[in-house]
Amino acid sequence: MSEPLQARVVVVGAGPAGIAAATVAAGAGSSVLLLDEASAPGGQIWRSGSRGRQPATARRWIDRLGRSGARVVSEATVIDAEFPPCLYADQRGRHLEVRGDRVILATGSRELFLPFPGWTLPGVLGVGGAQALSKTGVSFRDRRVVIAGSGPLLLPVAAALARDGALLVTVAEQAPRSSVMAFALGLWRQPSKLLEAGRLRVAFASCRYRMGVWVEKALGDGLLSSVTLTDGSKSWTETCDILCSSYGLVPNVELARWLGCSMQGGMVEVDDDQATSVDSVFCAGEPTGIGGSDLALVEGQIAGLVAAGAGSESEVLKRQRAALRRIASRMEESFRPRKELLRRMEGATTICRCEDVTWDRLDAVTSFRQAKLYTRVGMGACQGRVCGAALQLLKGWQADKVRSPLKPCRVGELLAGESSSEAI
């Protein structure tokens, strides 16, 4: 059996927060090991692909990471962990045991999907999913596309698909116009962000950007052909080939919960140094609250410096973090999913895609745990990562316990992990 990988600081996740944490920790003199599921650093937001170039900020930080001396272990999925910090990962079928004096969790986030009639039709996908497909070379040219969801991500995705030659039909933001405009006006201290939003809007200027509009249902006979939109007072149908629809992001907190970190409001609770309630475990970026790449970079740097024993260098960063968190708070309030989105289901609307559980089968159920026992909701391959967040909003149900393995893996990996535990 191979020897465990060891470092003073182990970082999980190579998005902006993880890259920043690993870079500054290595720069402060610590040995650093960075684990990530992807084949290259960047995370979903800085995903490299066959089209276009990464943003200048992404290139700068990824270059810094490459020069920092931190060791990057790619295509490594953490499937189990125990305390004191010891992580077990699957790297293309190879079992890895990783030990560190300090662990920084920078596990990012995923899209929030809220079910509606027709959302499982081929041709319906997430807003971020469309962005990822476009970056990796999938063409949307000459495809009629409706983008309907919530949050600032709608703008860059609409701009990217328009540049790709997509025929944008409508871009619909579910938040009211008053909320969107109030958020935009609140960015007067960050004029660069307003300019960036304007630049993105120009990229799809031929398409109408509607506020206070959302999806009622997707229609099609085995394949998406149209979507019904509404503004609450009237409804209309748009013909389309692709519907991109999601409603912001959900923090990836499964690993943090498994390690026993305290949670608050579905997010990892951290102190002023980004330390969690578990000794030697830190957290940065979206798991501590959805705030975008700028906030993730600052939180990652704070966590990396403190984990490396150089926390005195983080005071300026903490002031920057406070300002960015205020923006994140306003963004959350402005783009919060409206109540009407939670009333779109019909009895036959699929809630759990993995186990094909429909809305009417949950009528007599009172908790997520009971739903799992009665209907197998949340027991498929995604382990409730899609339907769990939706049901928390739809039913007010709290997520069920986290269990190992944290991600789907081969049985051989579980056996290898068990053998490692017995050998320790």
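Predicted model: local features only at pLDDT ≥ 70, side-chain atom pairs only at ≥ 80, totals over all residues.
Biologist: What radius of gyration does the chain have, and what would a compact globule of 424 residues have?

Modeller: The C-alpha trace spans about 60 × 50 × 35 Å along its principal axes. For 424 residues a compact globule would have a radius of gyration near 22 Å, and the chain agrees with this because its own value is 22 Å.

Biologist: How many helices and strands make up the secondary structure, and what share of the contacts with a separation of 6 or more links residues 24 or more positions apart?

Modeller: The secondary structure of the chain comes to twelve helices and 21 strands. Among contacts with a separation of 6 or more, the share that belongs to residues 24 or more positions apart is 65%.

Biologist: What percentage of the residues count as buried, and what part of the exposed area do carbon and sulfur atoms supply?

Modeller: Of the 424 residues, 52% count as buried. The chain exposes about 19,200 Å², and the part of this area supplied by carbon and sulfur atoms is 50%.

Biologist: Which residues does isoleucine 147 contact, leaving aside its neighbours within four places in sequence?

Modeller: Leaving aside neighbours within four places in sequence, isoleucine 147 is in contact with Val127, Leu154, Val157, Ala158, Leu161, Leu168, Thr170, Val171, Ala172 and Cys244.

Biologist: Is cysteine 207 buried or exposed?

Modeller: Cysteine 207 is placed in the loop between α6 (191-203) and β11 (209-211), and beyond four places in sequence it is in contact with Leu168, Val169, Thr170, Val171 and Arg201. Cysteine 207 and alanine 162, 45 residues apart in sequence, lie 9.2 Å apart from C-alpha to C-alpha. Because the relative accessibility of cysteine 207 is 3%, and the cut-off is under 20%, this residue counts as buried.

Biologist: Is glutamate 254 buried or exposed, and which residues does it touch beyond four places in sequence?

Modeller: Glutamate 254 lies in helix α7 (residues 254-259). Its relative accessible area is 17%, and therefore glutamate 254 is buried. Not counting residues up to four places away in sequence, glutamate 254 touches Arg110, Arg385, Val402 and Leu406.

Biologist: How far apart in space are glycine 291 and leucine 324, C-alpha to C-alpha?

Modeller: Glycine 291 has its place in the loop between β19 (281-283) and α8, and with a relative accessible area of 18% it is buried. Not counting residues up to four places away in sequence, glycine 291 touches Glu286, Ala328 and Met331. Glycine 291 and leucine 324 are 33 residues apart in sequence, and their C-alpha to C-alpha distance is 7.5 Å.

Biologist: What is the relative accessibility of tryptophan 214?

Modeller: Tryptophan 214 lies in strand β12 (residues 214-219), and its contacts beyond four places in sequence include Gln174, Asp231, Arg338 and Arg344. Tryptophan 214 counts as buried because its relative accessibility is 5%.

Biologist: Where is phi positive in a residue other than glycine, and how exposed is each such residue, taking glutamate 75 and aspartate 142?

Modeller: Most residues other than glycine have a negative phi. Glutamate 75, in the loop between β3 (71-73) and β4 (76-82), has a phi near 55°, whereas aspartate 142, in the loop between α3 (127-135) and β9 (144-149), has a phi near 65°. Glutamate 75 counts as partly exposed because its relative accessibility is 32%, and aspartate 142 is exposed, with a relative accessible area of 54%.

Biologist: Which two residues are joined by a cis peptide bond?

Modeller: Most peptide bonds are trans. Proline 405, which is found in the loop between α11 (387-395) and α12 (411-423), takes part in a cis bond with omega about 0°, and the two residues joined are serine 404 and proline 405.

Conventions:
Residues numbered from 1 in each chain as written. Heavy atoms only, no water. Helix = DSSP H or I, 4+ residues; strand = E, 2+ residues; numbered from the N terminus. Rg over C-alpha atoms; globule rule 2.2 N^0.38 Å. Buried < 20%, exposed > 50% of the residue type's maximum accessible area, 1.4 Å probe, protein only. Contact = heavy atoms within 4.5 Å. Areas by Shrake-Rupley, 256 points an atom, 1.4 Å probe, with all protein chains shown as cover.
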